[in-house]
Amino acid sequence: MFKTVLTLFRGSVAAAEEELQDRTALVILDQQMRDAAAAVDRSKRTLALAIAGDQQEGRRLDATNARIADLEVRASAALEGGREDLAREAAQAIANLEAERDAAMTARALFASEITRLKRHVGNAEARIAELDRGRRLARASEAVRSLRRSGIEAARPYESTLPEAEATLKRLRERQMEIQAADEALIEIDAAAGPLATAEKLAEQGFGPRMKSTADDVLARLKAKRPNAA
């Protein structure tokens, strides 16, 4: 008898420990995903700063090239007018500007390399987070189903009183999954707004190729064509 009680106790402890580990694993996963998402957001901000810096260097480079071109014209005019002193002064200014131009070009090359690296890193991280999120939803669904089975929901008649609680639990689970799916779809739409499909739509709007989306005129024409007396 004592051995049986001891075995039962050990089994209960093992079951409780297993359940605790499962619950803890989901909590840890949630926090790890929050940390990963925060890290991706920081990478996106860094990417935005790199793009802004590259654009700033691009504007500086354009302005420097314009000043160099202007000074070269003026220096040539000074030489033709016999003012070599002024031409030399302009030549020195051009040399200084060319140094600034070279620095700006080097900076843009560095920015371009960093932007490429950050875009690849952000894209890879977002794909991995999306995969983890799908796995987390499946894990939660499996845990909910297992919890329902432990409560005896499958044996509906003997445990009919627990059906409302089970239905409420499943409803909350489905609502949560729909919220996550809606968030994923919103992110996809945000990414698509700057992707190849958006470019195709822009070209179609300018008359280059068929339209990507139906217009009100298209729908109206289709409805008219379905009428019995349509020609």
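Let's start with E57. E57 sits in helix α1, which covers residues 2-80. Helices here are DSSP runs of H or I, at least four residues long, while strands are runs of E, at least two long, and both are numbered from the N terminus.

A word on the ground rules. This is a predicted model, so local features need pLDDT of at least 70 and side-chain atom pairs count only at pLDDT 80 or more, whereas totals for chains, interfaces and linings use all residues. Residues are numbered from 1 along each chain as its sequence is written, and side-chain values use heavy atoms, with hydrogens and water left out.

Back to E57. Is E57 buried or exposed? Buried, because its relative accessible area is 16%. The cut-offs: buried is under 20% relative accessible area, exposed is over 50%, and partly exposed is in between, with a 1.4 Å probe and protein chains only. What does E57 touch, leaving aside neighbours within four places in sequence? A104, A107, R108 and F111. Contact means heavy atoms within 4.5 Å.

Next, D70. D70 is also a helix α1 residue. With 35% relative accessibility, D70 counts as partly exposed.

The criterion is a side-chain nitrogen of Lys or Arg within 4 Å of a carboxyl oxygen of Asp or Glu. How many turn up in the whole structure? The search finds 11.

Pair one is D70 and R74. Their side chains form a salt bridge, at 2.8 Å from N to O. Both residues are in helix α1, 4 residues apart, which is about one turn of the helix. R74 is exposed, because its relative accessible area is 54%.

Pair two is R83 and D85. The closest N and O atoms of this salt bridge are 3.0 Å apart. Both partners count as partly exposed: R83 at 41% relative accessibility, D85 at 46%.

Pair three is D133 and R136. This salt bridge has an N to O distance of 2.6 Å. Both residues lie in helix α2, residues 84-150, at a spacing of 3 residues, about one turn of the helix. Are D133 and R136 buried or exposed? Both are buried. For D133 the reason is a relative accessibility of 7%.

The D133 and R136 side chains are also joined by a polar contact of 2.6 Å. That term means a pair of N or O atoms within 3.5 Å; within protein, one must be able to donate a hydrogen and the other to accept it, and residues adjacent in sequence count only if both atoms are side-chain atoms. Which residues make up the salt-bridge network here? D30, D133, R136 and R137 are linked in it.

Now the whole chain. The protein chain has 5 helices and 0 strands. Read from the N terminus, the order is α-α-α-α-α. Of the 231 residues, 18% are buried. Take contacts between residues at least 6 apart in sequence: 71% of them join residues at least 24 apart.

Last, surface. The protein chain exposes about 17600 Å², and carbon and sulfur atoms supply 58% of that. Areas come from the Shrake-Rupley method with a 1.4 Å probe; for residues, only the protein chains shown count as cover.
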